[in-house]
Every structure is written in structure tokens, then in C-alpha cells.
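I am opening my notebook on a structure that is new to me.

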Amino acid sequence: MVKVLGRDEPLLRKIAVEVPVKEIQTAKIRKIIADMKRALTREPDGVAIAAPQIDVPLRIFVVSGKMLRSNHKAYVGRDIVVINPKITKLSKEKKYMEEGCLSVRYLYGKVKRSSKIQIEGYDEKGKFFKRGASGLLAQVFQHETDHLEGILFTDKAKDVQEIPPEVWEQELGRKDWPSK
Ligand code: ZN
């Protein structure tokens, strides 16, 4: 079973390496993406995951379409895979947003994120794409891109508090605190 690395693992602090575009459709990369999706599905509050979180130092992340659809207005419908992502624009307008991370259990805090961004990268078929994002999706893209640079949200967060899952589920409701 694929394990999600915890915050003290040195690999989470490494800068991940780009995937050569012609290797995107190889069995090796497909398996990594499948493993990431599987690991994400196992986490009830998981909204996205980056490859380093499953011990793979490559520039890939997956955003769960299911979570976005069920809990948030940012309808996506299917998982978004981004390989070699580059955020090309970040809005000057920033907001503190609640954040959690599958690798930093069970801390939550507020991180200042751009409200709108533009991102480009390759999908799982090796096709180049550019897109915009706002709100939760923009936040998720920034959080995941940080993972590829060895940055954890707790490096930037304020008002960090520990909330055990039982408390968090009861008092806050999962939907406001998706982890990434
Ligand atoms: Zn994370």
C-alpha cells in the first residue's frame, strides 16, 4: 500500500525533478499517477496530493475532482493531473485561507494565497495545457506547487493549531478544512 509521508521525511524538503515529456505515458509514470490517486482516495478529506508525498521526487500532482465536486463550488468533475506545473501568473489580491496537509497531520493554519492564478503544465496524456483558477482551486494549485519546491504550508502559515480528527469532524465539519 502506498503511504503518505509525514512532515519529518527529508524527501518532502527536496526540490522535485521534471518528468521528461516523452516519458509521461510510460508505464512507470502511469503507475505513479495511479498510486497517487489511490492514496488520495483513501483520505476522506484529501483534496489533492503531490508526488513527493508518496515518496516520488517528481513534479506531478493530482487534484481530486470528487472532493471539489462534493464539497465546493469549484466544479471540476474529474481528477486534474498536472505534470511539470508552472504558475505563470499570481494575482496581487491575496487572502488568508484555511489550510491543512495530508503530510502535516493534524495541523491547520491560515496561509496567504493569491485569489487567482494561471498555471500551465502537461496532463496525463502528455498534452500541454494552460488554465486559470480561482478560490479553492487556486489555493490547491499553490499548495501543490509548493510541495514540488520542498515547501510545507506550515512554513508560511499563521494561527497554526492542532486539531485531532475527532474534534475537527465534530466541531468544524470536514468540508471547511480540506487537506492537500
Ligand atoms: Zn500538502
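Is phenylalanine 61 buried or exposed? I find phenylalanine 61 buried, at a relative accessible area of 0%, where buried means under 20%, exposed over 50% and partly exposed in between, with a 1.4 Å probe and protein chains only.

I note that this is a predicted model, in which local features need pLDDT of at least 70 and side-chain atom pairs pLDDT 80 or more, while totals for chains, interfaces and linings use all residues. Residues are numbered from 1 along each chain as its sequence is written, and side-chain values use heavy atoms, without hydrogens and water.

My search of the whole structure for aromatic pairs gave two (ring centres of Phe, Tyr or the six-membered ring of Trp within 6.5 Å; planes under 30 degrees apart are stacked, over 60 edge-to-face, the rest tilted). Phenylalanine 61 and phenylalanine 141 form a tilted pair, 5.8 Å centre to centre with 45 degrees between the planes. This pair links distant parts of the chain, since phenylalanine 61 lies in strand S2 (residues 60-63) and phenylalanine 141 in helix H3 (residues 135-148), 80 residues apart; helices (H or I, at least four residues) and strands (E, at least two) are DSSP runs numbered from the N terminus. Phenylalanine 141 is also buried, at 0% relative accessibility.

I then looked up tyrosine 122 and phenylalanine 128, whose ring centres are 5.4 Å apart with planes at 65 degrees, so the pair is edge-to-face. Tyrosine 122 is partly exposed at 22% relative accessibility, and phenylalanine 128 is partly exposed at 40%.
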